[in-house]
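My entries follow in the order of looking.

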Amino acid sequence: MRIHVVDHPLVAHKLTTLRDKRTDSPTFRRLADELVTLLAYEATRDVRTEQVDIETPVTPTTGVKLSHPRPLVVPILRAGLGMLDGMVRLLPTAEVGFLGMIRNEETLKAETYATRMPEDLSGRQVYVLDPMLATGGTLVAAIRELIERGADDVTAVVLLAAPEGVEVMERELAGTPVTVVTASVDERLNENGYIVPGLGDAGDRMYGTV
Ligand code: URA
């Protein structure tokens with residue numbers, strides 16, 4: 001597993017406003033959307049392309065287009081949904097799948113409660129979206145499911161990560177073709193599983209739940 005922390009002043013600026021508890025839900029949603037687009041730019045650095053012939057008004061030439069099979073974008077419900085538009089804006093040919101994951105409060109393990117994506121992901125590049133990499137349980141379970149279906153290249157786009165979650169991903173997904181792209185690896189997780197300094201509950205802040 002590789003981790004890529006995007007170091008850019010626009011990313012840092014938007015992230016600071018997202019962290020600020022005074023930022024209201026509409027502003028939070030807009031900034032999260034913009035931040036995802038900036039992260040998507042980095043996350044798609046290795047998206048597969050193919051050469052095509054075109055004609056400009058002046059002359060025939062060659063260029064590149066996103067190739068087939070189409071990349072698959074998979075937001076993890078619920079908060080990952082708030083990242084979908086920002087991602088597909090840069091990947092117009094992408095197909096979209098959905099994964100609903102919830103933590104079983106008895107086993108403390110992430111369980112899948114809804115899946116909507118192709119059975120066979122052989123040869124597909126997959127971009128999985130979840131705003132917060134906290135304990136890593138949800139993302140590890142989601143990525144295992146994608147790899148079991150044959151995905152051969154998985155990039156997780158997360159707004160924020162905790163070092164504890166990164167460590168879990170590195171241990172559990174060692175040797176797999178997985179990259180994590182994030183705006184920041186923060187200090188730590190607190191006793192309630194929140195990222196510190198973090199930005200609070202991403203889903204609640206996005207959807208205005210109190
Ligand atoms: N999920 C969140 O929404 N926020 C955190 O800080 C950790 C997990």
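Entry 1. I began with the handedness of the crossing between H1 and H2, and I recorded it as left-handed. The model I am reading is a predicted one. H1 covers residues 9-19 and H2 covers residues 25-43. Their axes come within 10 Å and cross at roughly 155 degrees.

From H1, I noted Leu-10, Val-11, Lys-14, Leu-15, Thr-17 and Leu-18. They meet Phe-28, Leu-31, Ala-32, Glu-34, Leu-35 and Leu-38 of H2. Sorted by class, the contact of H1 with H2 comprises nine nonpolar residues, one polar residue and two charged residues.

Entry 2. I turned next to H4 and H5. H4 spans residues 137-148, and H5 spans residues 163-172. I found an angle of about 30 degrees between them, with the axes 9 Å apart. Angles under 35 degrees count as roughly parallel, and H4 and H5 are therefore roughly parallel to each other. H4 passes H5 in a right-handed crossing.

On the H4 side I listed Leu-139, Val-140, Ile-143 and Arg-144, which meet Val-168, Met-169 and Glu-172 of H5. My tally by class for the contact of H4 with H5 is five nonpolar residues, no polar residues and two charged residues.

Entry 3. I looked up cis peptide bonds. The bond from His-68 to Pro-69 is cis, with omega near 0 degrees. I placed Pro-69 in the loop that lies between strand S3 (60-66) and strand S4 (72-77).

I located Arg-78 in the loop between S4 and helix H3 (84-88).

Entry 4. I asked which residues surround the ligand. I listed Met-132, Ala-134, Gly-193, Tyr-194, Ile-195, Gly-200, Asp-201 and Ala-202.

I then checked backbone atoms against the ligand. A polar backbone atom of Ile-195 is 2.8 Å from an oxygen atom of the ligand. For Gly-200, a backbone N or O atom lies 2.8 Å from a nitrogen atom of the ligand. For Ala-202, I noted a polar backbone atom 2.8 Å from an oxygen atom of the ligand.

Note on methods: Residues numbered from 1 in each chain as written. Predicted model: local features only at pLDDT ≥ 70, side-chain atom pairs only at ≥ 80, totals over all residues. Heavy atoms only, no water. Axes fitted to C-alpha atoms, helices over the stretch in contact; angles between N-to-C directions. Helix = DSSP H or I, 4+ residues; strand = E, 2+ residues; numbered from the N terminus. Left-handed = near helix turned anticlockwise from the far one by under 90°. Contact = heavy atoms within 4.5 Å. Nonpolar A, V, L, I, M, F, W, Y, C, P; charged D, E, K, R; others polar. Near = heavy atom within 4 Å. Polar contact = N/O pair within 3.5 Å; in protein donor to acceptor, adjacent residues only side chain to side chain. Parallel < 35°, antiparallel > 145°, perpendicular 65-115°, else oblique.
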